[in-house]
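Trainee: I would like a close look at a single part of this model. Please take the barrel and one of its strands, and then the parts around them.

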Amino acid sequence: MANRVVPPKRILNNFHYNTTTKPLNSPHPSVVVPPSILEKQLSPATTTPHSIDLKSSEKLFSSVSNSTLLHSSAVLHATAMGPMVDLGVWTMKSKLFQTGVLKDAMMAVTRKTFYKHFCAGEDAVAACRRIRSINEAGLRGILGYGVEEAHDNDCCDRNLNNFLHTVDVSISLPPSSVSFVIVKITAICPMALLERISDLLRWQEKEPSLKLAWKQDCLPIFSESSPLYHTQKRPEPLTSEEENDLELANERLQKLCEKCVESNMPLLVDAEHTSVQPAIDYFTYSSAIIHNKDDNPIVFGTIQTYLKDAKERLLLATKAADNIGIPMGFKLVRGAYMSTENTLAHSFGYPSPIHATIQDTHNCFNDCSSFLLQKIANGPGSLVLATHNIQSGKLAAAKAYEIGIRKVNHKLEFAQLCGMADALSFGLSNAGFRVSKYMPFGPVEMVMPYLLRRAEENRGLLAASGFDRQLIRKELGRRLKAAIF
Ligand SMILES: Cc1cc2nc3c(=O)[nH]c(=O)nc-3n(C[C@H](O)[C@H](O)[C@H](O)COP(=O)(O)OP(=O)(O)OC[C@H]3O[C@@H](n4cnc5c(N)ncnc54)[C@H](O)[C@@H]3O)c2cc1C
């Protein structure tokens with residue numbers, strides 16, 4: 001992981017404050033627990049002499065200007081109003097708003113509100129400005145060109161150029177401003193081919209005698225409990241045209257990895273849905289074997305802990321990486337494709353691959369996090385803990401302190417999405433950990449699918465951002481009182 005020096009904290013003029021944190025230990029995932037209760041819930045089990053402080057809004061938001069705080073409060077409250085989000089989502093998707101004056105008006109409103117809140121900017125220059133400002137607040141950026149799926153080679157080539165440009169932009173910034181760059185494999189390899197490769201990999205898992213001539217060395221992709229229902233019958237081998245496209249996709253990824261190696265800029269590979277995830281893992285692990293050397297993982301895979309087989313797969317992959325002597329980097333997330341997974345499994349008549357209860361997901365995330373923390377403390381490898389969940393953040397911070405992993409240790413990075421869970425980001429950073437914000441950039445129209453996912457994730461008064469909204473309200477009230485009296 002790139003280990004560069006973070007500039008000292010300064011008062012932040014331009015940092016765009018925003019937070020959302022889902023409630024914890026709530027009997028229903030959509031019930032907001034007030035911060036006071038939350039703190040009590042967490043205290044007995046997780047408070048250590050080193051636990052992170054999320055009580056003092058003054059300390060947490062000391063680097064956030066009044067105007068930014070007000071803007072964030074307005075956006076978060078708007079996204080908390082279900083009907084408002086429904087209207088926004090309808091407008092963004094509606095054909096009525098796809099052309100002409102209505103489109104321009106909708107884009108202008110989106111740009112000034114949700115876009116400004118959740119994204120880094122429309123181009124590299126704007127993204128750089130934003131990264132500099134969060135860096136001044138002690139945080140780093142994970143820079144991602146906000147592109148979605150590609151369906152042909154031309155589109156994949158264009159996307160690759162943008163990913164390469166993102167690396168150039170990242171290294172043009174002051175050292176340590178950017179901790180990682182992002183790649184989505186679905187943007188550099190056509191979707192249909194990813195599905196075909198995933199089918200073939202699944203069939204080989206069912207029938208190990210199946211020979212795949214194109215397959216390179218990689219770490220285990222499946223465990224014994226991995227669902228294979230997506231592939232109902234033996235797939236045809238790749239055609240020569242598909243093999244050619246696979247070679248092109250592989251060349252794109254290798255070009256990007258080589259650039260990252262030259263720049264010492266680690267590359268995070270995002271995880272997506274299980275229809276294509278085996279192919280994504282295949283690309284990730286085969287590239288990691290080539291490019292991850294010594295104790296410097298360049299290629300990081302993502303494990304989605306909402307999947308029932310996540311822990312088993314993680315154990316198999318880390319063991320195999322140890323056996324061949326490569327340092328592996330992992331980003332740990334809960335997972336963002338729940339409804340797609342449930343619908344797909346249901347359509348095949350199989351149980352969902354996602355844990356039956358949210359508590360099982362929490363347990364799996366915390367288990368995998370604890371396992372990886374212990375592992376990186378004792379040997380090679382790096383970890384990105386990508387979560388907005390306060391309890392997971394606190395547990396991991398306590399464990400990291402216990403086993404001696406601190407800010408100076410470049411093997412651990414906490415990460416939250418831009419526009420979400422800033423209180424947790426600042427709390428972890430104040431406690432001495434390295435923290436990054438995931439900053440997608442690109443034209444408003446292009447990042448619209450990303451914005452729709454964020455709007456959906458934060459939808460509803462009771463569903464999201466309650467903890468942060470309350471902290472912001474408290475801080476705005478405190479500042480108002482201080483100004484009056
Ligand atoms: C930096 C960063 C990078 C990310 N990269 C990826 C990525 O590459 N791929 C990806 O898929 N996601 C990614 N995510 C999104 C992430 O997976 C989550 O969607 C999001 O962060 C919410 O999870 P949380 O850990 O913040 O936990 P919480 O805030 O506690 O959210 C928990 C949510 O998980 C859902 N959930 C999970 N399991 C269950 C279950 N069994 N029953 C009911 N609900 C359940 C519910 O919606 C629930 O509200 C990333 C997130 C961050 C912060």
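Mentor: Here is the barrel, strand by strand, and then some of its surroundings. This is a predicted model, where local features need pLDDT of at least 70, side-chain atom pairs count only at pLDDT 80 or more, and totals for chains, interfaces and linings use all residues. Residues are numbered from 1 along each chain as its sequence is written.

Start with the barrel. Eight strands form a closed barrel with parallel pairing, in the order β1-β2-β3-β4-β5-β6-β7-β8. On average, neighbouring strands of this sheet are turned by 30 degrees against each other, direction ignored. Strands here are DSSP runs of E with at least two residues, helices are runs of H or I with at least four, and both are numbered from the N terminus. Two strands pair if DSSP finds at least two bridges between them. Strands of a sheet pair through backbone hydrogen bonds, either parallel or antiparallel.

Now zoom in on β7. Strand β6 (residues 382-386) pairs with β7 in the parallel sense, over four bridges. In that region, L385 stands opposite F414 of β7. β7 also pairs with strand β8 (residues 435-441), again parallel and over four bridges. There, L417 stands opposite Y438 in β8.

How much of β7 is buried? Six of its six residues are buried. Buried means that 20 or more other C-beta atoms lie within 10 Å of a residue's own; exposed means 12 or fewer, partly exposed is in between, and C-beta atoms are placed from the backbone. In a regular strand the side chains alternate between the two faces of the sheet. For β7, L412, F414 and Q416 are buried on one side, and E413, A415 and L417 are buried on the other.

Follow the chain onward from β7. A421 lies in the loop between β7 (412-417) and α15 (422-430). Its phi is near 55 degrees, a positive value in a residue other than glycine. A421 counts as buried because it has 27 C-beta neighbours inside 10 Å. Compare S176, in the loop between α7 (153-172) and β2 (178-183). S176 is not a glycine, yet has a positive phi of about 80 degrees. With 17 C-beta neighbours inside 10 Å, S176 counts as partly exposed.

Strand β4 (residues 299-304) and strand β5 (residues 329-333) pair in the parallel sense over five bridges. T302 has K331 in β5 as its bridge partner. Helix α9 (residues 240-263) lies across β2, β3 (267-269) and β4. It runs at about 145 degrees to β3. Axes are lines fitted to C-alpha atoms, for helices over the stretch in contact, and angles run from 0 to 180 degrees between N-to-C directions.

Finish with the nonpolar core. A nonpolar core is a set of buried Ala, Val, Leu, Ile, Met, Phe, Trp, Tyr and Cys residues joined through C-beta atoms within 7 Å. The largest one has 118 residues, and I188, L267 and L332 touch the most other members. Residues are in contact if their C-beta atoms, placed from the backbone, lie within 7 Å. Leaving out residues up to four places away in sequence, L267 touches residues including F180, V181, L256, C260 and V299. In soluble globular proteins, nonpolar side chains tend to be buried together.

Definitions and conventions
Contact = placed C-beta atoms within 7 Å.
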